Amino acid sequence: MSGEGNERQRLSGAQYKKKRIEREVDSAKQRVSLLQFLKPNQQIEHNLSENNLPLHPENISNNNTICEKIIDNDISKSHINSERQLNNVEDPEIINNTNTICEEIIDNDISKSHINSERQLNNVEDPEIINNTNTICEEIIDKNISNNVQDDINIISDDSADLEFFEDPSKWPDPLNDGHRLILVRKFNNPVQIILTPYPINEDGRSFSRKYFYRSLSNGENIQRTWLIYSKAIDSVFCFCCKLFKSGTFSLASHGNRDWKNIGNILKNHENSPNHKNALLNWKELEIRVKMGKTIDDVNQVIIRAETEHWKAVINRIISLIKIMAGQNLPLRGDSDKLNTPHNGNFLKMIEFLGLYDPVMKEHIRRITSEKIHSHYLGKNIQNEIIQLLSKKINLQIISAFKNAKYYSIILDCTPDISHKEQMTMIFRFVTTTEGINNNEKHTNVSVNEHFIDFIELHSTTGLNMTNVLIQKLKDLDIPIDDMRGQGYDNGSNMRGQNSGVQARMLLNFLV
């Protein structure tokens, strides 16, 4: 009887299959964890350097095999660990699906490129697994990268950051997040130390002095306190590194200090405090990591910078296209404001044409048509805004040119437009000279320039009103009236009348 009690019980076929499946799943999970720990940053950087492609959700989903491993791991758990599947493990379809999942995990570990990944997915015969994988990948990429990264771009992008806002420590957000710290460390390697002559005097008759920006050593040497910054807005000083990392509750790290009577002792005690030393080390360490690209979120930083460059490229192409079409006097809009529709205007048709050959616009159009973005910068309001900005820039260049020329003449004419509103045309005429060297001889080129500046709507066409409008426009453009040397008008009495015309009023009241 004792011998019978010591006999090893043999497992049934179903129990043996359960054990074998559990061992395979545990082995696959260990492999996924190990690869997730060792390979993500290296693989992403390799794909970036090899393909030299901008990072967008599609590229991320293709290159990031970690997402696929996690998804496959979740699918394998859902297929294997539930009680229903354990109780029905004899079903050959479940066993085949489990084997397929484990093989897919191993294949994804070996995958090195987007083409290989597509081939592996095509080799999976279960369409449910493929659909689940694609759905989860799209949700992770769209929600956790497209939306969150787009929000982070507004904080971390150098172009969107208000640097003047960050130059004054009293205006820093409270508390600072990682995006703010990156801006401060990246743009201000040495914090801006404002020098005023003199500094404001407080109610005690004392003021800050620039000598406190330096520390005197016992040997007479002066060392700059790079961490000390002055706020002109509230006449106080702050510790850059302590406020950056919110080290302690003392005034230099929170609301600033303006005790000018004791500021010397306050700074001396502060720079020897443990909290300041730790904050200084953290600042310098973060500065080194930012320069080397080894911050904890360096992968996200690469994505953000790539996304920023993508949008810069899109805006540059839109501006260039509008500039060319406006220069050729081509209408931009049509009957429709949507892409890939008939009669949607010259501008959108040119965007569609660029999408056929330009990878940047092709990707931009793909995002629009797939409804992954809604701010596409192709609408009528953006077109009008860009045209106004271009017009303002051109006017500034023209005005700068004839200000350098000093003397000018003005030409005015009035005509009603199609809406029966009286429009006054303003044109400036001036002479410019440029010096050049030809055959080792200096020569001067003289050119007469005539430029249109603006249409001005008139609510009254009397000589008095037109004179007042002209004077106000010259003041708005900061153009001195005394430098006007000529006037040009048509034969209208309100323009060239001897007594009450614009010409007579200008000569009588402003020009001598």
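## Ground rules

Residues are numbered from 1 along each chain as its sequence is written, and side-chain values use heavy atoms, with hydrogens and water left out. Because the model is predicted, local features need pLDDT of at least 70 and side-chain atom pairs count only at pLDDT 80 or more, while totals for chains, interfaces and linings use all residues.

## Nonpolar cores

Let's start inside. A nonpolar core here is a set of buried Ala, Val, Leu, Ile, Met, Phe, Trp, Tyr and Cys residues joined through side-chain atoms within 4.5 Å, where buried means under 20% relative accessible area, exposed over 50% and partly exposed in between (1.4 Å probe, protein chains only). The largest one holds 30 residues, and Phe208, Leu228, Tyr230 and Val237 have the most contacts inside it. Elements giving two or more residues to this core include helix H11 (178-187), strand S3 (228-231), strand S4 (236-239) and helix H14 (274-292); helices (H or I, at least four residues) and strands (E, at least two) are DSSP runs numbered from the N terminus.

Val237 touches, among others, Phe208, Leu228, Tyr230 and Trp260, leaving out residues up to four places away in sequence; contact means heavy atoms within 4.5 Å. Another core, apart from the largest one, has 27 residues, including Ile399, Val469, Ile479 and Met506.

## Helices

Helix H15 (residues 298-327) has 30 residues and spans 43 Å from first C-alpha to last, close to the expected 44 Å, which is 1.5 Å times one less than its number of residues. Just after H15, Asn329 takes a positive phi of about 55 degrees.

The axes of H16 (residues 345-357) and H17 (residues 359-369) come within 6 Å and cross at roughly 115 degrees; axes are lines fitted to C-alpha atoms, for helices over the stretch in contact, with angles from 0 to 180 degrees between N-to-C directions. H16 contributes Ile351, Glu352, Leu354, Gly355 and Tyr357 to the contact, and H17 contributes Pro359, Met361, Lys362 and Ile365.

Asn395 sits in helix H18 (residues 380-405) and is buried, at 18% relative accessible area. Beyond its neighbours within four places in sequence, Asn395 contacts Phe452 and Ile453.

Thr432 belongs to strand S6 (residues 422-438) and counts as buried at 19% relative accessibility. Its C-alpha lies 7.9 Å from that of Ala401, 31 residues away along the chain. Leaving aside neighbours within four places, Thr432 contacts Ala405, Asn445, Val446, Ser447 and Asn449.
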